[in-house]
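Here are my notes on the model you sent. Please read them with the structure open.

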Amino acid sequence: MLTDRQLLILQSIIQLYTETLEPVGSKKLMQQTGLAVSSATIRNEMMKLEEMGYLEKNHSSSGRVPSNQGYRYYLDNILPVQNSPVSLSIRNQIRETFQQSTMEIQDVFKVSADILSTLTNYTTISIGPEVRSATLSGFRLVRLGLNQVMAILVMSNGLVENKVYSIPSAIDDSDLDKVVRIINEELIGLPLETVLQRLKSDLPALMNRYMNSQIQIVKVIQDMMNQFEQDRLHVAGRRYLLNYFDSHANVHHLKEIYRLMDDQSKMHELVMPSNRDIQIRLGSEMDDPLLGEFSIITASYETPKHDRGIIALLGPKNMPYSNVLSIVKGLQEELTTTMEQYYKNL
């Protein structure tokens, strides 16, 4: 159990190190905290904190820096007490972005990552709400030319996917109408998972009864349904990772992190929180050596259908947690409100 003085010293060292990125010495700490004790007393307390594992000594300096254990203690015991609310100006900025009248639900996923990255100057990840509760609500084929057709799929949660593909010129509009009628009669109202199962089982044979060449439409629809899942993920602000790497020495490390962000499965594993609360994980807690000097903040939100979406922020371990966390909380609240309003208007 830390004493009040040790708590203040640990908090002050984390704050100063966040601001300056330089090890903190006793003299500087005494000037900043205003503690009515000598520099020697502060040095002794810093040594105790180091012995307990909360601080580390930088070999090139007499100052100390927070250890992983120190950050974890700060995040679990000091940060919650501070509870800084997001500023009104930032909340209004978030709200105005989401209130754009032309925004579709896919845009909300993308914009949520974009605005969080802009407000914090960190890399952010957005995973749109799961589509388990959504059902197929519409399918259309729009002829664009003699050999081109646009297929359009609409889900009950507002997700829309379209794809242009080629067809034999011998297929006329009545043939396309038959396909649309079959798909709508057989699949409308079914959940995404059931639609995918039907597309792999009996739908190809059913389509084949009407026209052999239309079997490729089934493949197109499968691709579009799978795209719904892929479109849930959006990464913004990758360029901010450049701030934490030497331009020559760590190029390989940076490339590996970029590859990680292109791996949809790994990104889902990385950002998926274990519960509904906002979570902060240090690099050593993420089971990935690539992210050892990073921290990730994850927050979830729900739609009225109880499908869960995720917003996450990846930044340096010494990020200003109080400020960043207030922005994440504000975004989480506005996302929840936006989802509620969007579903009311469906």
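Which helices do the buried residues of α2 pack against? They pack against α1 (4-20) and α3 (39-51), where contact means heavy atoms within 4.5 Å.

1. Basis. This is a predicted model, in which local features need pLDDT of at least 70, side-chain atom pairs count only at pLDDT 80 or more, and totals for chains, interfaces and linings use all residues. Residues are numbered from 1 along each chain as its sequence is written, and side-chain values use heavy atoms, with hydrogens and water left out.

2. Overall form. The protein chain has 13 helices and ten strands; these are DSSP runs numbered from the N terminus, helices being H or I of at least four residues and strands E of at least two. Along the principal axes, the C-alpha atoms fill a box of roughly 90 × 45 × 30 Å. Of the 346 residues, 49% are buried (buried is under 20% relative accessible area, exposed over 50%, partly exposed in between; 1.4 Å probe, protein chains only).

3. Helix α2. In this helix (residues 26-33), Ser26, Leu29 and Thr33 are the buried residues. Viewed down the axis of α2, they fall within an arc of 60°, so they line one face of the helix; the arc is that of the directions from the helix axis to the C-beta atoms. Lys27, Gln31 and Gln32 are exposed on the other side of α2. Gly34, with a positive phi near 70°, follows the helix.

4. Most residues other than glycine have a negative phi. Leu21 has a positive value near 60° and sits in the loop between α1 and α2. Leu21 counts as exposed because its relative accessibility is 52%. Asn121, with a positive phi of about 65°, is in the loop between α6 (105-120) and β3 (123-127). At 40% relative accessibility, Asn121 counts as partly exposed.

5. Glu334. This residue lies in helix α13 (residues 321-344) and is buried, at a relative accessible area of 6%. Its side chain makes a polar contact with the side chain of Arg95 at 2.8 Å (N or O atoms within 3.5 Å; within protein, one able to donate a hydrogen and the other to accept it, and residues adjacent in sequence counting only if both atoms are side-chain atoms). Leaving out residues up to four places away in sequence, Glu334 touches Arg91, Ile94, Arg95 and Phe98.
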